[in-house]
Structures are given as structure tokens and as C-alpha cells.
Amino acid sequence: MTTTVAAVSEGTGTPYTLSHLDALESEAVHIFREVAGEFERPVILFSGGKDSIVMLHLALKAFAPAAIPFSLLHVDTGHNFPEVIEYRDRTVAQHNLRLHVASVQDYIDRGVLKERPDGTRNPLQTVPLTEKIQSEKFDAVFGGGRRDEEKARAKERVFSLRDEFSQWDPRRQRPELWQLYNGRHAPGEHVRVFPLSNWTELDVWQYIAREGIELPEIYFAHERDVFQRAGMWLTAGEWGGPKEGETVEKRLIRYRTVGDMSCTGAVDSDAVTLEQVITEIAASRLTERGATRADDKLSEAAMEDRKREGYF
Amino acid sequence: MTTTAELSATTLLRFATAGSVDDGKSTLVGRLLHDSKSVLTDQLEAVERVSASRGQEGPDLALLTDGLRAEREQGITIDVAYRYFATAKRRFILADTPGHVQYTRNMVTGASTAELTVILVDARNGVVEQTRRHAAIAALLRVPHAVLAVNKMDLVGYEEKVFAAIAEEFTAYATELGVPDVTAIPISALAGDNVVEPSAHMDWYGGPTVLEHLETVPVSHDLAHCHARLPVQYVIRPQTAEHPDYRGYAGQIAAGTFRVGDPVTVLPSGRATKVAGIDVLGKPVDVAYTPQSVTLLLEDDIDISRGDLIVPSKDAPATTQDIEATVCHVADQPLTVGHRVLLKHGTRTVKAIVKDIPSRLTLDDLSLHPHPGQLVANDIGRVKVRTAQALPVDSYADSRRTGSFILIDPSDGTTLTAGMVGESFASPEPVKDDSEDDGWDF
């Protein structure tokens, strides 16, 4: 009997106490299983970024040894890192998953959406995402959003009701008590579900290291042709950079987040292993979004405004 | 440098703060985040920029926590905000809730998952109605640990007498309500005394700072004395060539421990079997405990589906269709006698009807108001609910997860009410003399 207690307490020094990663993992798995039990057509938003990769990993564990009862949805801005698309397709094949793609480029080609003067396509994702949710009748949409990312996100529920236009109303959120999630919704409405709500960037990296999860290479230091815009290093490419007056240089960088190429900045880094990345993040004095996302610098309430309109 | 292994081995503490802007709650939270180096440069720059544009002298740390546009414009906290920070010893999830009476539902929400609650008082005012309300919420929600942070000690000359009188009055009150553990700490959130660093102004105080206390308060429970409970969320049946007969019952252990070989009963059917195996996310184990997410394999092939509760055969709760509970009404539309609702308990949602609302409770002075007819937003009251099917409920005092439920409006899905089965407070309900009761407001 004593040996069993010793075995389960390994890591925290106290019997029957979970380490923080085990506690967060258990909570996320509970959320996935609640959705599987209560919804008809759930889908996981999968960008090939680290948060969505961790979500998929958790979903695979939650239903093992059975297959996950969800498909994946990628909102493709058309400004993708090729390494990430390659990773996405390999992962889908490896786990025999079904992938839906909502293409921003397609909407631009059809003239439904217009390219913005700054070339940024992040805000353009909302319409293709919403229409795909409607046309596929998805009733639960898993997102990798974390409350530590941004202060409007800090107020979002784990189960976040969206109307038929995908809009979020922060004043009309359902209180969430204990672990009793309320997924009731009318036809046409859906619920955004955030299993990583309580995770921080560091938790995500520690979990990736602990579980040995493979990531796209752009998360690790590599040499790349970049140019500076608004204080961030952006990858030179067909999407519209550099402009006149912006000079391209080769730098040793890595990405802390993966998004649309036009507004996702790289950071100077020589971290080539997970251990080095974790050390770098633990010492960083900038938040993930502050360091790498041009779109969140627009205003004090940039994220709140985009979320109200139906963004992730 | 902290290694990956050391960082992974920390425990998690969920705690809540209650207090108002006037008590310096946002400043305390901002101070905890700032002094524990959890606020990063870009966040601090944003706060400094906004503070300067409003003509404030120093950075207003309250701006770190008020996330919504309306909150910043009105200078108030409206909603529960969750904050995350870590030290070398522990990871923290902080539910930051507003303190005024019209936000009782937010405090109840924050306290529902908290292991500890920090209650703020202004040293100049001492224990006031709001403090008593916050203590009552901590007691009602059975939060195991309470911290009384006596703030603004700098404004009372860091006087020990002032602190001691407030601490004594509060501890007596909270203990009477059944709060099991109270720690009082004299602080100045603005000046930083005893928040993260020990104060240089209060030699007479030998206890921990707020952060030291948060880092060391025990988070484990004596699970041997808890009733083991597993609400079934989902049945895992791969039906593949590799696993043709695998049939596992997935759920998060709500309380206690389960071991392979345990005789168990499935409720509400009452069928009995034994635990044949336990998988913790794909890995077989001999014993599993709350709050692990597990998959139980059972010896007999019996009919089990989502919503069932697996319990030890020797420790099964009674099932009942009549539930009496203390509730906090959280919706804008009122709850009335005769209201037809949905009740979610564990993983089961059933139809229910509100049979009676015997009383409403004023938390400021614990006065009872019989037969209020309805409960409106932020009201605390007693209700009697009749459910369409019998439910295996525990008393909330015994099990926070299987003694709690929510009521949902079937027409629009609104979460109406949060309920706690059984008696309101751990100690006998304080009965007030009617002659003193000036809280009647018919």
C-alpha cells in the first residue's frame, strides 16, 4: 500500500496531489469529454501553432484508445509558413483525421473580402470562419485561446456562447461555477470552447517538453531573411513585404507564435532545443502577443473588439 | 536557473480575491503580479501609458486586471478575471472578483473553484457589512482557507492595536460561520508591505507575507475520508481490430480515490460490479484520485451511459427527487416558485421544477426573510426543487463537486442559479432575534 502512495505522489512530494501540469491536463481532458458528451458536431480549430497542437494531443489522450470524435478546421489566411502547412498535412495523415479548410484567399478571389492596405489578413479570418461554422453546422468549436494571452481573453468563459454571427457579448456571459459547464444553445448558435483557458505560455512549453510533442521547425532558432516593421521582425515574402525603405537582413530568429505571416513577428533567439526555449521564455520580459503580434498593438481594446465580432 | 523538471513539479493553487476598488483589491492583485515578476514589460508600459494619459502620478496597477473596455472606462471590475502567475514553489490561478453587493454572483463564481479566498478590509474602517458578506460567501462555498488582508496599514500608522482588533473580530465571525482556517495579515498594497516582501514598518508582525502564505498553504486533502465519486462523461468504445472489446467509462474523479478491485455501484440503476482496471490517459494504474481524468474498466458488462455516477458499493449516496439547497441566483431574470428548469448535476441534466423558496438570506447580517416569492440576481436563498428523475446527490459540505448543481432556463439556455445541497453553513445557522432585524424590505 505504501509503495502505491509513493508512486502516485512522485513529482510533488505530497500524496494524492497532482503536479500543475497534471492538473491542467486533467481539466482540459474533462472539457473535451464534456463536449463529446453534449454536442453533435464539434470541431477543433487547428492552425499548426503550438496551442492547437497541444489541444490535439490532449484530445487524442482523452479518447484513447479510441479515435477522437471530432474533425479539424484550419482557417487558412493564404499567408502561411510552408513548414506549418507541411506539419498540418502530416499530422492529419498520421492520425487519420478529417480536415476542413476555410480559405481567406478564396474569399478575396471571389471579391467577398478586400485585402487591407497594410496587407494583414488576421482580421479577415472572421467571415470565412463564421461561414464555415454555419455551413458545416458545427455546434462546438474548440479554440486554443488562453486567458493569460490578453486581458479581454482573461474574462472569457471556457464555454463561450456565440450567436449566429459568431459575436461575443462580454456583458452577457454565463457564470461558470464548479466544473458544471452549460453548453445549451439555440439552432444556429454555437459554443466556442477553450480547453487551455487556464494554461500559460510556459505551461504549454513545459507540457510539450514533458510529452515529447513534435512542433513545426519555425518555433526553434534558425536563420531567416527578415525585415523590421513596427518594431517586429517579419519574414520577407510574396504577401507584401518588404516595402520601400525596409531592408532585408539575415538574422538568427525563432517564432513564439504562429499566425498570418504578415503580422506575426519573430524574436531574436539562439534556442534550438525545447529546454532552451523554456529557459528563454521563463526569462522573457515581454508577453507572447506583445512580442509578436502587430494586430494587438492597434489599440487598448483591439482583442476585445475582434472577439466581439467573432474572432477566435 | 530553474530546470524544466523543477518547474513541472510545482503544485497548483486556485484562489479568489474579494474586495472593492476602495479596499485596494486591484492594487493588491497588481502588486502580487508585479512584485512576483509576473507582469511583463509590455504590459507595464501599457499601464504607464494609460496612467500618464489620465494624469495619474504612478502606474495604476488596477489597470492590469480590468480587462474590458467598460471596466476601464468606469474604473470598476465587472466580471471575474482570471490571472495566472507562478513562483518557484507554486503555480497560481487567481479569480479576481468585484466586491460590491451587485456582484455577489461573480464572487460566488470565483469562490466555487477556489481553495483559498483573500478578503480585503481597509484598516481605517475595519470589519464592515461587505467584509461580513465576503466571509459568508467563503463559508457558504466551503472554501477551505481564508486570508484576511488588513490593507492600508500605512494610513493607521502601522499600529498593531488596529490590526489585532480587526483580526480578532473577523476571525471570531468567520469561525462562527464554519470557515475552517483563517489567517490575518497586515499589509499595505500601495506601499508593498507584507504582500511579497516583509514590511520594514511592522516589527510586531511575525507571520508570513501574503505570497509566502499562498505558497505554503496545504492544497492536498485527506482523501481517505472523502466519498469516492466518478460522474461518467463518455463511454469509450474503440471497436477496432486492436481493441475489439474495450469498453471504458471516462470521467474526472470528482472526489476521493478509486482502486483496481474496488466493489462499485452504478447510480441511479444500483447495479454492482468491481473495478477491473483504471487508465489514466492511456496509462494503466492501480489507484487514481481526484481531480484526475480517468477511464474505468469494470468486470461486468452492465448498461452504463453518460450521466451515471460510479461510487464505492459501501459508500453510495441515497438517490432523491427532492433536493433542498442554498442557492445563489446568477441570472438577470428572476427565479420563481413553479419555475420549470433544467438541473445539471455532475454529468446529468434533468428536468426539474422549483417547488418552494422558503427563505432569502441577507449576507451582510445573515438575516432570513421568509417566503420571498422569488429570487433576483445576486440573491442568496433556500430552495426546494423536485427533479424528474432521482439523482444521487451528496451534501455540499461533504463533496463540493457532487453536492453542487446549476439550474438552466430551458427556453434560452441561461444559467439561472447555482445550488449547494444541504445546510448553508458548517455550524448551526445563526438565528437572529427578529427585533434586531431591520433587513425586512417588503
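Colleague: What makes α5(B) oblique to α6(B)?

Modeller: The axes of helix α5 (residues 104–112) and helix α6 (residues 129–140), both of chain B, come within 10 Å and cross at roughly 40 degrees. That makes α5(B) oblique to α6(B), because under 35 degrees counts as roughly parallel, over 145 as roughly antiparallel, 65 to 115 as roughly perpendicular and the rest as oblique. Axes are lines fitted to C-alpha atoms, for helices over the stretch in contact, with angles from 0 to 180 degrees between N-to-C directions.

This is a predicted model: local features need pLDDT of at least 70, side-chain atom pairs count only at pLDDT 80 or more, and totals for chains, interfaces and linings use all residues. Residues are numbered from 1 along each chain as its sequence is written, while chains are lettered from A and ligands numbered from 1 in the order in which they are written.

Colleague: Which residues make the contact of α5(B) with α6(B)?

Modeller: B:Met107, B:Val108 and B:Ala111 come from α5(B), and B:His134, B:Ile137 and B:Ala138 from α6(B). Contact means C-beta atoms, placed from the backbone, within 7 Å. The residues divide into five nonpolar, one polar and no charged; Ala, Val, Leu, Ile, Met, Phe, Trp, Tyr, Cys and Pro count as nonpolar, Asp, Glu, Lys and Arg as charged, and the others, Gly among them, as polar.

Colleague: Why do β2 and β6 of chain B stand at the edges?

Modeller: The open sheet of six strands has the order β2-β3-β1-β4-β5-β6 (chain B), with mixed pairing. β2 (81–86) and β6 (181–186) each have a single partner strand, so one side of each is left without a neighbour in the sheet.

Colleague: How do you know that β4 and β5 of chain B pair?

Modeller: Two strands pair if DSSP finds at least two bridges between them. Strand β4 (residues 116–122) and strand β5 (residues 145–151) of chain B have seven bridges, in the parallel sense, and therefore they pair. B:Asp122 has B:Asn151 as its bridge partner in β5(B).

Colleague: Where does α6(B) lie?

Modeller: α6(B) lies across β1 (11–19), β4 and β5 of chain B, at about 175 degrees to β4(B).

Colleague: How many residues of domain 1 of chain B are in contact with domain 3 of chain B?

Modeller: An automatic or database domain assignment gives the bounds: domain 1 (4–216), domain 2 (224–315) and domain 3 (319–436). In chain B, 17 residues of domain 1 are in contact with 19 of domain 3. On the domain 1 side, the largest share, seven residues, comes from α6(B).

Conventions. Helices (H or I, at least four residues) and strands (E, at least two) are DSSP runs, numbered from the N terminus. Two residues are in contact if their C-beta atoms, placed from the backbone, lie within 7 Å.
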